[in-house]
Amino acid sequence: MRFKPIVFALALFASACPSRTDWDRKDAFRHCKFAIDAFPSSPAPPCSAMHMCANEAVLSPAEHQKLFAMALDAGCAPF
């Protein structure tokens, strides 16, 4: 029965960690800057999310340029 506290602690830690971004949410554009900053150490979001970021997020010219490069790298249709 020693493992119950460990399992509980792991479950608590896992619930506190941020989960993957749900790009289908209406407010997903709020995650665009993080996704752009995290690339290339983190994978690019899906093409539909990058198109949404280009159209809905307020991005600096540098962020928009990096997003465009991410989309080209991922094989997405140009926006």
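**The nonpolar core**

Begin by selecting W23, C32, M50, M52, C53 and L67, the residues with the most contacts inside the largest nonpolar core, which has 17 residues. Such a core is a set of buried Ala, Val, Leu, Ile, Met, Phe, Trp, Tyr and Cys residues joined through side-chain atoms within 4.5 Å. Here, buried means under 20% relative accessible area, exposed means over 50%, and partly exposed lies in between (1.4 Å probe, protein chains only). Two or more residues of this core come from each of α2, α3 and α4 (61–74). The greatest contribution is that of α3, with five residues. In soluble globular proteins, nonpolar side chains tend to be buried together.

The model is predicted: local features need pLDDT of at least 70, side-chain atom pairs count only at pLDDT 80 or more, and totals for chains, interfaces and linings use all residues. Residues are numbered from 1 along each chain as its sequence is written, and side-chain values use heavy atoms, with hydrogens and water left out.

**The whole chain**

Of the 79 residues, 25% count as buried. The chain exposes about 6100 Å², of which carbon and sulfur atoms supply 63%; accessible areas come from the Shrake-Rupley method with a 1.4 Å probe, and for residues only the protein chains shown count as cover.

**Helix α3 and its partners**

Next, select A49, M50, M52, C53 and A54, the buried residues of α3. These residues pack against α2 and α4, where contact means heavy atoms within 4.5 Å. Then move to C32: leaving aside neighbours within four places in sequence, C32 is in contact with W23, M52, C53 and A57.

**The loop between α1 and α2**

Which residues does F29 contact, leaving aside its neighbours within four places in sequence? They are M52, E56 and A57. F29 is found in the loop between α1 and α2 and is partly exposed, with a relative accessible area of 31%. Its C-alpha atom is separated by 6.9 Å from that of M52, 23 residues apart along the chain.

R30 lies in the loop between α1 (3–16) and α2. R30 counts as exposed because its relative accessibility is 62%. Between R30 and A57, 27 residues apart in sequence, the C-alpha to C-alpha distance is 7.0 Å.

**K66 on helix α4**

Select K66, in helix α4. This lysine is partly exposed, with a relative accessible area of 29%. Not counting residues up to four places away in sequence, K66 touches I36, D37 and F39.

**A cis peptide bond**

Proceed to the peptide bond from F39 to P40, which is cis, with omega near 10°. Most peptide bonds are trans. P40 is found in the loop between α2 (32–38) and α3 (47–56).

**The largest pocket**

Finally, select R20, T21, W23, P43 and P45, which lie nearest the centre of the largest pocket among its 13 lining residues. A pocket is an open set of points on a 1 Å grid over the protein atoms alone, where a 1.4 Å probe fits, with protein on both sides within 12 Å along at least five of seven lines; lining residues have an atom within 4 Å of a point. About 360 Å³ of space lies in this pocket, the volume being the space filled by probe spheres set on the points, which are joined across faces, edges and corners.

Definitions and conventions:
Helices (H or I, at least four residues) and strands (E, at least two) are DSSP runs, numbered from the N terminus.
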